[in-house]
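My notes follow in the order I took them.

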Amino acid sequence: MLPTSPSTPVVAVIGGGPAGLMAAERLAQAGLTVRVYDAMPSVGRKFLLAGIGGMNITHSEPAEPFVGRYRTAASWVGEWLRRLDGPALREWIHGLGIDTFIGSSGRVFPTDMKAAPLLRAWLKRLRESGVTLHPRHRWLGWDAQQQLLFDTPEGPLPITADAVVLALGGSSWARLGSDGAWVPWLSERGVEVRDLRPANCGFITVWSDHLRQRFAGQPLKQVIARVVAVDGQSHERRGECIVTEDGLEGSLIYALSAELRGLIEHQGQAELRLDLAPDRSQSQLASLLAQPRKGQSLAAVLRKRAGLDPLKTALLHECLGKDQLADSQRLAAGIKALPVRLIGTRPLDEAISSAGGVSAQALDERLMLKSLPGIFCAGEMLDWEAPTGGYLLTACFASGLVAAEGVIEWLGASSSASTNGNA
C-alpha cells in the first residue's frame, strides 16, 4: 500500500456499516486520518433497515452461552468479544446518549426501539473526531498502479492510504450495498474466501395447493422445532414461524438455519421436526385422541382435545398419511414430531445475513490479510455467522474494533521499523 505522507498516516475504511464505523471511531481516537468510503448515498443503510421492527442491538445472555451462539466460529469470534462484548457494547451506546433496556427474551434494545437516533448520534461524534465520510464511492478493487479504485459520481477515483480496513458486508440485501462484489478481487490476490451462503433465511418445501391457498402468510405459533445436524447433534428451539407459499421462515427457522442449510448441502434435503403441542405429552395426547369422537370431525377433535388450530391441523394432513391420522397413537406421535421435508434455502439476497467469506486462516490475529499486509477485514465479510437476537451486530462491532487496533499496532510497528532503517 502506497504511503500518503510522512506525517499522520491515512487509513481508508471501505464500508460504512457497524464494523466499518466502529473501526473508524477507534482509528480516529488514535489520532489517525480516517476516511470512510461507502457505495450507498449514506452510511448505515442495512443497519437502519434492520432496526425498523425494533433495533435489537445485542443480547444479555451470559458470556459462555453467548459465545456458543457462533457455532464453529465460537473460538475465533470469542476473541473479538474479549474486546467488546454485550455489556461493553451497551456502555458504548449509553456513551452516545442512548438508553437501552433488556426485553423479556433477554434481547437488548435502545429505549425508543429505533436505529436512526443511535446512528445520528454516532455520526455526529465521528465527524467531530475528524472522520470524513465519502458516500457514493463504490470500491472497484485496485488499478494497475495498485491504488484503491473507486467509482464515484465524478468518475473513477484512485486513492492511496497507509492502511485499509475492508468492512464490505456479505452478500445479502444487495440493494443496501452488501453484494459480495469484492469476492473475486480478494480471491485473485490469494485470499481464501469461502462461498457466501444464506444465513438466517427461509427454507423451501413443497406444499399442496390447499395449504398454499388457505394458509400462506399465516403464523405457526407456539411450536418446538428440532433438527439433527450433519454431526449428529440435536438442536431445538421454541417459538413461532411463518408458513409461506413454498416453505417456512421467521425467527424460529432462522435460529436453526445453519443446521438446516448444512443438511441440505450435505444430502440434498433436511428434515425438520415440529412439536405442535409443546405443553402436552405424547401419552396425554394419545389418551385424549383415543376417546370416542361421538360424531365429531377430526378437525374438531384436534381443536378441542389437542388445542390445535386450523393451520396445525392442515399441517398434519400435509405431512402424515391417512393411516397415521386414523390411529390415535401414531397421530399423537405425529403431533409431537411432525416431519417437514425442506429441499432448499431461499435466495441469498433475501437472507438476513450470509455465511462464508474471508477464512480465519487468511487472517492473522489482528484481522490483517496474511497475503496483503496493511489490509484488514471486519464484519460480515468474514467467515462466521450468528443467529438473530443481537449476536450478529455485536460481533460486527467487535470485529471492527479488533481490526482498528490491528491497524494501529501495524502502523506503529511499520513506523518504528522505518525509523530504524529496517523498512
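I looked up Arg366 and found it buried, with a relative accessible area of 16%; buried means under 20%, exposed over 50% and partly exposed in between, with a 1.4 Å probe and protein chains only. Asp364 also counts as buried, at 17% relative accessibility. Arg366 and Asp364 form a salt bridge, with the closest N and O atoms 3.1 Å apart; the term requires a side-chain nitrogen of Lys or Arg within 4 Å of a carboxyl oxygen of Asp or Glu. I noted one network joined by salt bridges that share partners: Arg197, Arg261, Glu265 and Glu385.

Ground rules. I am working on a predicted model, in which local features need pLDDT of at least 70 and side-chain atom pairs count only at pLDDT 80 or more, while totals for chains, interfaces and linings use all residues. Residues are numbered from 1 along each chain as its sequence is written, and side-chain values use heavy atoms, with hydrogens and water left out.

How many salt bridges does a search of the whole structure find? I got 24. One of them joins the side chains of Arg197 and Glu265 at 3.0 Å, N to O. Arg197 is in strand S11 (residues 193-199) and Glu265 in helix H10 (residues 257-267), so this pair ties together parts 68 residues apart in sequence. Helices (H or I, at least four residues) and strands (E, at least two) are DSSP runs, numbered from the N terminus. Arg197 is partly exposed at 24% relative accessibility, and Glu265 is partly exposed at 48%.

I then checked Arg346, whose salt bridge with Asp246 has its closest N and O atoms 2.7 Å apart. Arg346 lies in the loop between S18 (344-345) and S19 (353-358), and Asp246 in the loop between S14 (234-244) and S15 (247-249), so the pair links parts 100 residues apart in sequence. Both are partly exposed: Arg346 at 22% and Asp246 at 27%.

Entry 3, the sheet. I recorded an open sheet of three strands in the order S3-S5-S4, with antiparallel pairing; two strands pair if DSSP finds at least two bridges between them. S3 (58-59) and S4 (100-102) stand at the edges with a single partner strand each, so one side of each has no neighbour in the sheet. Helix H5 (residues 86-95) packs on the sheet and touches S3, S4 and S5, contact meaning heavy atoms within 4.5 Å. S3 pairs with S5 (residues 107-110) over two bridges, and His59 stands opposite Arg107 in S5.

Notes
Axes are lines fitted to C-alpha atoms, for helices over the stretch in contact, and angles run from 0 to 180 degrees between N-to-C directions.
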